[in-house]
Amino acid sequence: MLRSLYSGISGLNAHQRMIDVTGNNIANVNTTGYKASQVQFNDTLSQMMGAAGSPQEGQAGTNPAQVGLGVRVAGITANFSQGSAQTTGKSGDMMIQGDGFFITRSGNETLYTRAGSFFFDANGVLATSTGEPVQGWTAKDGVVESSGQPGDIKMPLGATIPPEKTTKITLKGNLSSDQPQGDPAPLTDTVNIPVKVFDDKGATRTINVKFTRDTNQPPPTVDTDWDIELFEADGTTPVMESDGVTPVTGVIGLASGKAVIDTTGTPGLGELDSDGFMELGPFKINMADVTMYSGFSDARVFDTDGQTAGALTSLSYTVSDTGEIVGVYSNGLKQTLGQVAMATFKNVAGLEKVGNSMFRTTVNSGYAQVGEPGSAGMGQVISGALEMSNVDLAQEFTNLVVAQRGFQANSRIITTSDEILQELVSMKR
C-alpha cells in the first residue's frame, strides 16, 4: 500500500483532534475561570531512503533522503493567561488578579481552581458552586493564623462579641482664642463636647467634656489654660473619680496654639503624656490635635473605643484583597472571620483538568506552594468579580478554519492515493 494513504489518515486524526480541542474552547467561552487549550503537532518517524554520505577525495557529500510517515499530536497544553474581570457585585465572588489558584477539597482530595464563585452553605462553610469546601484559615477572635494547615472556612453564625467599656476618647478641632462677644462681655469662655460612651455591660450614655477659660483678663492678656470638667448628660452632675466623691477635673495649656507633649515621662500641669493623652477619671482623652487659634471653636469627638455586645446573625461580609473575610456583627462592628488560601506551582502547565473548572496536581506540576493571597508571588483577590474565560473567539475561529482546511487536504491525499491504486488495478485488465 502507499505510504501517503496512511500519512493522510494520520493527518485526518490529528486535525480531528484539533477540531475537538477548538470546539471545546468555543463551548467554554463563557465558563468562569476556564483556560483555553492549544494543540501542537509534530511529524512522525521518517523512513530512510538513503543515508547521508561524507565528502571523499573530490566528491561532495550526500544528504539523507527520507520519507515522512505522517503527523501526530505532540501535546495539548492549557493557556493560563489572565482572564478578564466580570463584575458581579456579589460578596462571595472572588477573582484572582495574578498567579495562583483557590484551594478546594473534594472528599479527601485537594483540588485547585480559578473559578471563585463561592457561597456559605447552611452550616456556614464556604464552598464552591459545585459544593466543594474552599480551603483557608478560620479566624479565632478576629486573628488568622495562616502558618497552619489550611482547612474548611466556617463562618461562626451566632457567635457573639462581648461588650467593652469606653476608656479612650480622641478630641480634635479648635478652641477659639478670640474674646467672646456680648454686652456685657462674658467673663468666661465655655465649650461643651458631648461624647457617647459605653459601660462594662455595653450600655450607652452621654457625658459632656466641658472646657472653660477665664476671659476676664485685661487686654492684651489672653488666658490660654482651659479647665476641663466632665459632666453627665444633664450637664450638672459631675463625673466622679474612682473614690466616688471627687469630681474629675483637669487643665490643658494651649499657650503655643497646641498642647504641650511631655517627654520626661511625668506630665506637668496642662501637659499631655507622650502619646497625647490626659487621664481624666475613668477616661484617657487624646487632645494632641486640639488647637487654640483665632476663629470658631469647632472642637469635637474624633474617635472613641468601647462597644455594645454584638452577634453574628447574618451572612453579611466583605472580602479584602488579601482574601480576608470580614463579617459584620449586629452592633456594627467588623471582625475578620477567616482568610482564603492560595496555591502556586512550579509548572502550572503540568496540572490536570478534572472538570467543574478544577485542576489536580500531577508528577510534573510540582507540589503546591500554599500561602496568603498577595504574598510570595500569589495573586490578589478582587471581591465582587469573577475571572472570565480566556478563550479568544477570533483565534479559535481561525483555528477552526485552519483545522477544517487541514482535514480537507488530508482527505484529498487519501482520495488521490485511492485513484492511484485504482489506476494500478486497471493496468491488469
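Seven aromatic pairs are present in the structure. Rings of Phe, Tyr and Trp (its six-membered ring) count as paired if their centres lie within 6.5 Å; planes under 30 degrees apart are stacked, those over 60 are edge-to-face and the rest are tilted. The structure is a predicted model, in which local features need pLDDT of at least 70, side-chain atom pairs count only at pLDDT 80 or more, and totals for chains, interfaces and linings use all residues. Residues are numbered from 1 along each chain as its sequence is written, and side-chain values use heavy atoms, with hydrogens and water left out.

One of the pairs is formed by F101 and F359. Their ring centres lie 5.7 Å apart, with 70 degrees between the planes, an edge-to-face arrangement. The pair joins distant parts of the chain: F101 belongs to strand β7 (residues 101-106) and F359 to strand β30 (residues 358-360), 258 residues apart. Strands (E, at least two residues) and helices (H or I, at least four) are DSSP runs, numbered from the N terminus. F101 is buried, at a relative accessible area of 4%. F359 is buried as well, also at 4%. Here buried means under 20% relative accessible area, exposed over 50% and partly exposed in between (1.4 Å probe, protein chains only).

The rings of Y112 and F345 also pair edge-to-face, because their planes stand at 85 degrees, with the centres 4.9 Å apart. This pair again links distant parts of the chain. Y112 sits in strand β8 (residues 109-113), while F345 lies in the loop between β28 (342-344) and β29 (352-355), 233 residues away. Y112 and F345 are both buried. Ring pairs connect F80, F101, Y112, F345 and F359 into a cluster.

The chain as a whole contains 33 strands and two helices. Its radius of gyration is 38 Å, whereas a compact globule of 429 residues would have one near 22 Å. This radius is taken over C-alpha atoms, and the globule rule is 2.2 Å times the number of residues to the power 0.38. The C-alpha trace spans about 140 × 60 × 40 Å along its principal axes. Of the 429 residues, 36% are buried.

Contacts (heavy atoms within 4.5 Å) were considered between residues at least 6 apart in sequence. Of these, 64% join residues at least 24 apart. The chain exposes about 23300 Å², and carbon and sulfur atoms supply 51% of that area. Accessible areas come from the Shrake-Rupley method with a 1.4 Å probe; for residues, only the protein chains shown count as cover.
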